[in-house]
Amino acid sequence: MSEGLGPEGGHSQPTPTITVQDLSDRPAHTPLDRITPAHTLLDGNTPVEQGSGVVEETSPSSTSSFELVDMEPAPPLYQPVQPHWFYCRRVDSKDVWLPFSREDSERLEQALSTAGEEEVVVAVEGERYDVRVRERQRYAVYWEQGPSEVRRCTWFYKGDKDTRYMPYPEEFSTNLEEAYMIAVTLDEWKRKLDFPSGETVILHNPKLIMQYQPITLQDEWVSSPSEQTRPRTVKRGVDNITAEIPDGEPETIDHLVFMVHGIGPACDIRFRSIIQCVNDFRSASLSLLGSHYRRGQEEGRVGRVEFLPVNWHSALHGDATGVDEDIQRITLPSISRLRHFTNDTLLDLFFYNSPTYCQTIVDTVASEVNKLHSLFKHRHPEFTGAVSVVGHSLGSLILFDLLTNQKTGSGEADRDEGRNRDPCPLTCDALEQALCRMGLQEHLATLQSVDLDLDSLAMCDETDLTELGIPLGPRKKILSFIRKRHFLQEGRQGTVLLAPGMQALPDPSEDSPSPTVSFGNQSSEASARRQQFLRAQSITSAVDYEYFDVGIGQVSINYPQLAFHPQTFFAFGSPIGMFLTVRGLKRIDPNYTFPTCKNFYNIYHPFDPVAYRIEPMIVSESDLEPMLIPHHKGRKRMHLELKESLTRMSTDLKNNVLGSFRTAWQSLVRMPVAALPPVEDGETTAERSLQETESGHEEVESPGSVEDKGRQVKVGMLNGGRRIDYVLQEAPIESFNEYLFAIQSHLCYWESEDTALLLLKEIYDKLGVAFEQPQQ
């Protein structure tokens, strides 16, 4: 078929010429150009119809074989074809047509019938896309994506090398439907439709319709006439083709989750975007809801969870920052592909630790999350559920730093304050202005009650602030401000201070007093003071950290406030533990919690090279194993059970051998003793044995602690007293070589059903809905 009739050809087609030919004496593989036109109606008594009642329909893998189809007589009355709506998606440089769900297709069909001349917009796919019905275009709602074509499809074709049926353009389908209607009404088949573009469609019978391409459009190097006229199979209606029509999504949304990606524009091993990966995660969750929460769905207590992607990479590497252009100028030309990959992915780690781009990344994530939250609430005003956040890789660290700097006050007031606050309070001349820019204006009355101004505040130490009743966190911020302001004032009294070992000198070639840089020998004291001054100036840098006696440690930049209080924070393959350690934080206080988020899960694959644990920073004195995430089909993977069984068998065997040897040796060297250990007065031997038996049992886990060798170990309140570190079970093939699957392990979370089920269990446990393990 020519381009005009393919999936790309949406332009109008001239009306085809319909002729009726007697094709009964022509072999199935005879080229169309050898057919002698005969403009007389057939009587239907052809050798094909006198056979066994079946004919062979052309198969995609053969040039002359036909599929077996039922040659039952056509129904006496014509039944209009039922349309189904499809949309086009670009996959691997090819256009792939995918069906909407039946619910969405019915909504589009109903909107078309009532649209009239005005444009009608229909929300589809969980209201994540809008379809402009008359325009036949589909637009994304929550993320940037080009529009895609939409079709009302009734007729389909599949060529020799096609893997799925493709829809015809709507006007071409209309012409086919008209010809089909005439053939059914008059019960006259063997109809030939000649299109002006050269294609020919032959309606042999209701279930055997073929399309032939003109010879002029075929390859010049074909070897036989049969290859020149290799036909396409034509089907009427979506019910007659193999199409995976997706199930419709429940309208009720129980929970909203924002998912933040890590380094680079690609999120998995197939280099797909965050949008595609989140789509897979959403599909997995919908499938698990149908299998593990079936009863809740039947009772109307379970709807669905909406997952929305948060993209910050495009903002960092866009034209607004110009960082890509700057990096490209200094990039070497050799091994260009590797250097491009490094610039586009690994450099994001360095950007997050830079004075400028860390602020850009954090602002982008927060503003994008708040924008999506506002848009979601506008489109779903009935939504009353909670909101959670997910961060993968570097995205988890971004969310971690954001959540440690949230405030517990009213969300709107905090957001306004975060937008208006100056990231550099060192230039303030009044106490009130400085406190407002630090976000500590609630302590203004306390300081003014003892007649403190900005200058007298600079002479206060931690003891003075403690006596005034200022809490530890605000107290540390004020002391940091005093120290930095002191260094700034000293720096302003002399020349411009640069990095240690560098001195600013006037440029004799310029009239302006702007300095140039020269290297010189400086005293160690001056170098140290300059270094301290640079750290004081770098208040927007993510490398300027303050250690807190209670808490996590904070990055000294201006953190915006989120528009909601997250219920749970899930970290996938997270380097949070490593970054906190590099920042100088050795221990997380067990009593620490996020100001606005009370639940935190650190989820990782055992072979993930980027993932680090959190619990050892809270329970440093105990070797605490992570929680094993159950397989979504129940129980533990078989190879892990076998591995544990062999390990346990080896340990038992070793202990038995050593125990027997120890017993024999002790029987030779020890003095004779009583057969039973002594008992206390009034205590029987049975009571003593019972106490020993009970002492060997582990106690039930209590909130905030777990059992470790018979004693309680505090795991802290970062996850409300529950466990924090959760490890996935590796697949059997991954256990053969953990190095081979290391990179894939860091990118596996988007398609992990075990991870999705853990999220659903956490979400619906709080809603009072228990999951059901399906029978295998």
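This is a predicted model: local features need pLDDT of at least 70, side-chain atom pairs count only at pLDDT 80 or more; totals for chains, interfaces and linings use all residues.

Trainee: OK. With that cut-off, how far apart are the closest N and O atoms of R151 and E149?

Mentor: They sit 3.2 Å apart, and R151 and E149 form a salt bridge.

Trainee: Is R151 buried or exposed?

Mentor: R151 counts as buried, because its relative accessibility is 2% and buried means under 20%.

Trainee: And what about E149, how accessible is that one?

Mentor: E149 has a relative accessible area of 27%, so it is partly exposed.

Trainee: How many salt bridges does the structure hold?

Mentor: It holds 31. Take R152 and E109: their side chains meet in a salt bridge with an N to O distance of 2.9 Å.

Trainee: Where do R152 and E109 sit in the chain?

Mentor: R152 is in strand β9 (residues 148–153) and E109 is in helix α1 (residues 102–115). They are 43 residues apart, so this pair links distant parts of the chain.

Trainee: What's the accessibility of those two?

Mentor: R152 is at 27% relative accessible area, which makes it partly exposed. E109 is partly exposed too, at 24%.

Trainee: Which residues get joined into one network by shared partners?

Mentor: R128, E249, R282, R304 and E306, through salt bridges that share partners.

Trainee: Switching to helices. At what angle do α4 and α23 cross?

Mentor: Roughly 65 degrees, and their axes come within 9 Å. For reference, α4 covers residues 274–292 and α23 covers residues 753–765.

Trainee: Left-handed or right-handed?

Mentor: The crossing of α4 and α23 is right-handed.

Trainee: Which residues make the contact?

Mentor: From α4, you have F281, A284, S285, L288, L289 and H292. On the α23 side, the contact is made by E753, T755, A756, L757, L759, L760 and Y764.

Trainee: And how many of those are nonpolar, polar or charged?

Mentor: Between α4 and α23, nine are nonpolar, three are polar and one is charged.

Methods
Residues are numbered from 1 along each chain as its sequence is written. Side-chain values use heavy atoms; hydrogens and water are left out. Axes are lines fitted to C-alpha atoms, for helices over the stretch in contact, and angles run from 0 to 180 degrees between N-to-C directions. Helices (H or I, at least four residues) and strands (E, at least two) are DSSP runs, numbered from the N terminus. A crossing is left-handed if the near helix is turned anticlockwise from the far one by less than a right angle, and right-handed if clockwise. Contact means heavy atoms within 4.5 Å. Ala, Val, Leu, Ile, Met, Phe, Trp, Tyr, Cys and Pro count as nonpolar, Asp, Glu, Lys and Arg as charged, and the others, Gly among them, as polar. A salt bridge is a side-chain nitrogen of Lys or Arg within 4 Å of a carboxyl oxygen of Asp or Glu. Buried means under 20% relative accessible area, exposed over 50%, partly exposed in between (1.4 Å probe, protein chains only).
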